[in-house]
Amino acid sequence: MKKFFIILIVSVFVALPLAAQMSETPCVEVVGYASAEVEPNEIWVKVTIDERESNSRVRLIDLERKMLSILNEMGVDTETSLFVDGFSGTNYKRNNGVLYKNYTLKLTSAEQVAEAFDKLQDAGINRLSVTKTGRSDVAELKSKLRVEAMKSAKARAEELAGAIGQSVGMAIYINDYNVDSAPMVFRAKAAYSLSNDSEIVEESYSAPEFTSVKLDYRVTVKFVLL
C-alpha cells in the first residue's frame with residue numbers, strides 16, 4: 001500500500017511540470033468546417049399493375065412485359081432491383097374483380113425515378129408511389145466530411161500563423177462535435193389525381209421531388225505554433 005502511494009505521489013509531481021509546460025506552449029486553436037448537400041441514392045417505388053375489367057382491357061401479363069422492357073431499356077437490373085410484394089388470387093378474378101400484382105422497385109437517383117414514372121405511365125402503369133428513401137454510403141460521406149473539416153482547421157491555423165510570421169506544428173488537441181446516431185431522412189413529395197370513368201377509378205401519380213439533406217461537420221483543433 002505504501003508503495004502505491006509513493007508511485008502515485010511521484011506520478012503527480014511528474015505530471016505537474018508537464019501540464020505547466022503544455023500551458024506555456026504557444027498554440028493556435030481553430031475550428032474547421034465541412035458541409036455537403038446530398039440526395040438519396042436508394043429510392044423504393046411501389047408499382048401496382050392490374051387488369052381492368054373494361055372493353056379495352058389489357059392483360060396483366062402484357063403489362064408486366066411492358067414494365068420489364070421499359071426498366072431493362074433504362075438500365076435497371078430487374079433481377080436485383082424488382083421484387084414482387086403481393087398479387088390477387090384466381091378466385092378473386094373469377095368473381096369479376098381486378099387481377100393485380102404489387103412490386104417494389106429500387107432505383108438509384110431522382111432522375112431515374114422521374115424517368116421511370118414518365119415511361120411507365122405512358123405504358124398505362126399509373127399506380128406508382130415512393131415508399132422509402134435513403135443513402136447507401138452514409139458512413140463514407142461522414143468520414144470524408146470529417147477529413148475535410150480537419151483540413152479546413154489546419155488551413156485556418158496556417159493562415160493565422162502565417163500572418164504573424166510563424167508556422168504550425170503538431171496538433172495537440174482535437175474535439176469532434178459530430179454525432180452520427182441521427183438517421184438521414186429525405187422527403188419525397190408526389191401529387192396524384194383520381195379520374196372516375198364509369199366504375200373504373202384510375203390513379204395518376206406525378207414524379208416526386210426530393211429534398212436534399214445538408215450534412216455539417218465541425219472540429220476544434222489546437223496546433224503548436226513554431
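Entry 1: Buried means under 20% relative accessible area, exposed over 50%, and partly exposed in between, with a 1.4 Å probe and protein chains only. Helices (H or I, at least four residues) and strands (E, at least two) are DSSP runs numbered from the N terminus.

**Entry 2: source.** The model is predicted; local features need pLDDT of at least 70, side-chain atom pairs count only at pLDDT 80 or more, and totals for chains, interfaces and linings use all residues. Residues are numbered from 1 along each chain as its sequence is written, and side-chain values use heavy atoms, with hydrogens and water left out.

**Entry 3: V45.** I listed the contacts of V45 (contact: heavy atoms within 4.5 Å). Leaving aside neighbours within four places in sequence, V45 touches Y103, T104, L105, L107, F117, L128, S129 and V130.

**Entry 4: the sheet 1-11-6.** I found 3 strands in an open sheet, in the order 1-11-6, with antiparallel pairing. Two strands pair if DSSP finds at least two bridges between them. Strand 1 (27–38) and strand 6 (168–176) stand at the edges with a single partner strand each, so one side of each has no neighbour in the sheet. From one strand to the next the twist averages 30°. I counted the link between strand 1 and strand 11: 12 bridges join them, and they run antiparallel. G32 has V219 of strand 11 as its bridge partner.

**Entry 5: helix 6.** Helix 6 (residues 138–163) lies across strand 1, strand 6 and strand 11, and runs at about 140° to strand 1. Axes are lines fitted to C-alpha atoms, for helices over the stretch in contact, and angles run from 0 to 180 degrees between N-to-C directions.

**Entry 6: T220.** T220 sits in strand 11 (residues 213–225). I find T220 buried, because its relative accessible area is 3%. Apart from neighbours within four places in sequence, T220 is in contact with E29, V30, V31, Y173, I174, N175 and Y177.

**Entry 7: R127.** R127 belongs to strand 5 (residues 127–134). R127 is partly exposed, with a relative accessible area of 29%. I checked R127 against T48: they are 79 residues apart along the chain, and their C-alpha atoms are separated by 5.4 Å.
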